[in-house]
Amino acid sequence: MGFIWMAFAAGAVLVWAMSLGRIFTFPGPACVPASPPFLHPLRGDRRSRNVLLVIAHPDDESMFFAPTILFLKSKGHNIHVLCMSRGNADGLGITRKEELYLACDILKIPREQVKVLDHPKLQDGFHEKWDHGLLAELTMEHVQLWAIDMIVTFDSYGVSGHPNHQDVHHGICKFLHANGQGNIEAWELASLNILRKYSGPVDIWLSSLISSSSKQPIYTLVNSSPSRSYEAMAAHRSQWVWFRRLFVMFSSYTYINMLQKV
């Protein structure tokens, strides 16, 4: 029995190493499939997009969306971050707001393109119900302010199942429905089952296969420098406790993001 477990452990380490090696073979942040392109050409002479990343709490951007941010930055797109709360559930809202700015410095997002809200009806908490109409209104305000033409946010499960994440998704859907989308392209981060979620770089194989074979527009964005995710998440010092360190190491969201159309 001991030999079987040793063989299993050795196999798991080998698969992990091979998967990490596959991640590192990409010369930079990459997209699978590469064709058709992830982002269709814009009208006129514009090549870069104004992207709005809508999140619920400070640290969502580093814990879940780093591969997307790094890919879009590598292509010259302008990233704006709209964080719907200060993450004040434990009374650390002021600290966590500043930590978000520090993480965005590491991710090369200018501070003037980061907005952290503190609306009384949008307070952090598992038992806090956020108004979808209010979320849609606030999204519209910042879409107009920053001339946004692309939105990235959570899917309906919200990666971790946090109700604030889920409400952000529904708020964005309400915004898109109310405004007929227009010229705004919207993408959501696909939530993964628990096995894939904690498979680290190993999920690169299945995600790539799904993206390459799907008839629907689904793209896998690969983070060829996962240390950037660690560094950005470490900027959230108040949250950088042992179990989050383990999460960032073993989470597939550190290494890849699978995006699908909202």
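In which segment is the place of Val262? Please give its surroundings as well.

Modeller: The model is a predicted one. Val262 lies in the segment that comes after strand S8 (256–261). That strand belongs to a secondary structure of 11 helices and eight strands. The radius of gyration of the protein is 18 Å, close to the 18 Å given by the globule rule for 262 residues, so the protein is as compact as a globular protein of that length. Along the principal axes, the C-alpha atoms fill a box of roughly 60 × 45 × 30 Å.

For the protein as a whole, 52% of the 262 residues count as buried. The accessible surface of the protein amounts to about 12500 Å², and carbon and sulfur atoms account for 60% of that area.

The surroundings of Val262 come next. Leaving aside residues up to four places away in sequence, Val262 touches Cys173, Leu176, Ala186, Trp187 and Glu188. One of these partners, Ala186, is 76 residues from Val262 in sequence, yet their C-alpha atoms are 5.6 Å apart in space.

Finally, as regards charge, the protein has 24 positive and 22 negative charges, and the mean positions of the two sets are 6 Å apart.

Definitions and conventions: Residues are numbered from 1 along each chain as its sequence is written. This is a predicted model: local features need pLDDT of at least 70, side-chain atom pairs count only at pLDDT 80 or more; totals for chains, interfaces and linings use all residues. Side-chain values use heavy atoms; hydrogens and water are left out. Helices (H or I, at least four residues) and strands (E, at least two) are DSSP runs, numbered from the N terminus. The radius of gyration is taken over C-alpha atoms; the globule rule is 2.2 Å times the number of residues to the power 0.38. Buried means under 20% relative accessible area, exposed over 50%, partly exposed in between (1.4 Å probe, protein chains only). Accessible areas come from the Shrake-Rupley method with a 1.4 Å probe; for residues, only the protein chains shown count as cover. Lys and Arg count as positive and Asp and Glu as negative; His and the chain ends are not counted. The place of a charge is taken as NZ of Lys, CZ of Arg, CG of Asp or CD of Glu. Contact means heavy atoms within 4.5 Å.
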